[in-house]
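Please look through the structure shown here with an eye to how its parts are held against one another. The explanation below goes from aromatic rings to a helix, one step at a time.

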Amino acid sequence: MKLSIIIPCYNEAATIISLIEAVKKAPISDREIIIVDDGSSDGTRDILATIKDHEIRVVFHDKNQGKGAALRTGFQKATGDICIVQDADLEYDPQEFPIVIQPIVDGKADVVFGSRFQSGRPHRVVYFWHRVGNGVLTLMSNFFTDLNLSDMETCYKAFRREVIQAINICENRFGFEPEVTAKISKMNLRIYEVGISYYGRTYDEGKKIGWRDGFRAIYCILKYNLWAQR
């Protein structure tokens, strides 16, 4: 099965080359890599413009719109059987692609979440309040979706392509996570969760999500579970 690896990217000049190298080393033979630069202003666009690789397609947004907007573009361009999200930092390990997509490959799942909190794999110790916030958002999302996820906000989400392309993604920023979780919960899909590693980074190292995104996530949980359509 062909894997489409969707990489939303914004101001990641320090890590983008290392990330591409890591993705290229992933144990997946049939794949395409779609990088969506979301209006970077730190030189990332210049780096991406020099890439000449038949496996990699680079799409440029003229201005910064947010992770959700970049993913929307990437999913639209995907041609693989399975789509997986890979952030452009180094927090998630592409070597674990096979672990995440295996339930779909086996014909058991339509969607797979990679949980940072359900594995014995390495997990960098970073921010306590981020962990608390993640737990609260996941619990709140589960309350409305009736799913028993342990990590709704995870980057590693894999979808059968026809599933994710059938979803109208409205959120432009980090609200993508609760939005897509709410929408797949209404689609009678087989949803699995597998444990993954997590190499979190600090704000000094380039982490971008903040408390405002947490409040937006709460709004999105309510909006997409209670009154918004697919």
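In this predicted model, one aromatic cluster is formed by Y92, F97, Y156 and Y198. The side chain of R116 lies over the face of one of these rings, that of Y198, at 4.9 Å from the ring centre.

A search of the whole structure finds six aromatic pairs. In one of them, the ring centres of F75 and F159 are 6.0 Å apart and the planes stand at 80°, so this pair counts as edge-to-face. Because F75 belongs to helix α3 (residues 67-77) and F159 to strand β6 (residues 157-160), the pair ties together parts that are 84 residues apart in sequence. Both residues are buried: F75 has a relative accessible area of 2%, and F159 has a relative accessibility of 0%.

F75 also pairs with F176, and here the centres are 6.2 Å apart with the planes at 35°, so the pair is tilted. Since F176 lies in helix α7 (residues 176-185) while F75 lies in helix α3, this pair ties together parts that are 101 residues apart in sequence. Like F75, F176 is buried.

Now turn to helix α1 (residues 16-24), whose buried residues are I16, L19, I20 and V23. These residues cover an arc of only 100° around the axis, which puts them on the same side of α1. An α-helix has 3.6 residues a turn, so residues three or four places apart point the same way. The buried residues of α1 pack against the strands β1 (3-9), β2 (31-38) and β3 (56-61), and against the helices α2 (44-49) and α4 (97-105).

Key: Residues are numbered from 1 along each chain as its sequence is written. This is a predicted model: local features need pLDDT of at least 70, side-chain atom pairs count only at pLDDT 80 or more; totals for chains, interfaces and linings use all residues. Side-chain values use heavy atoms; hydrogens and water are left out. Buried means under 20% relative accessible area, exposed over 50%, partly exposed in between (1.4 Å probe, protein chains only). Helices (H or I, at least four residues) and strands (E, at least two) are DSSP runs, numbered from the N terminus. The arc is that of the directions from the helix axis to the C-beta atoms. Contact means heavy atoms within 4.5 Å. Rings of Phe, Tyr and Trp (its six-membered ring) pair if their centres lie within 6.5 Å; planes under 30 degrees apart count as stacked, over 60 as edge-to-face and the rest as tilted. A charge sits over a ring if NZ of Lys or CZ of Arg is within 6 Å of the ring centre and within 35 degrees of the ring normal.
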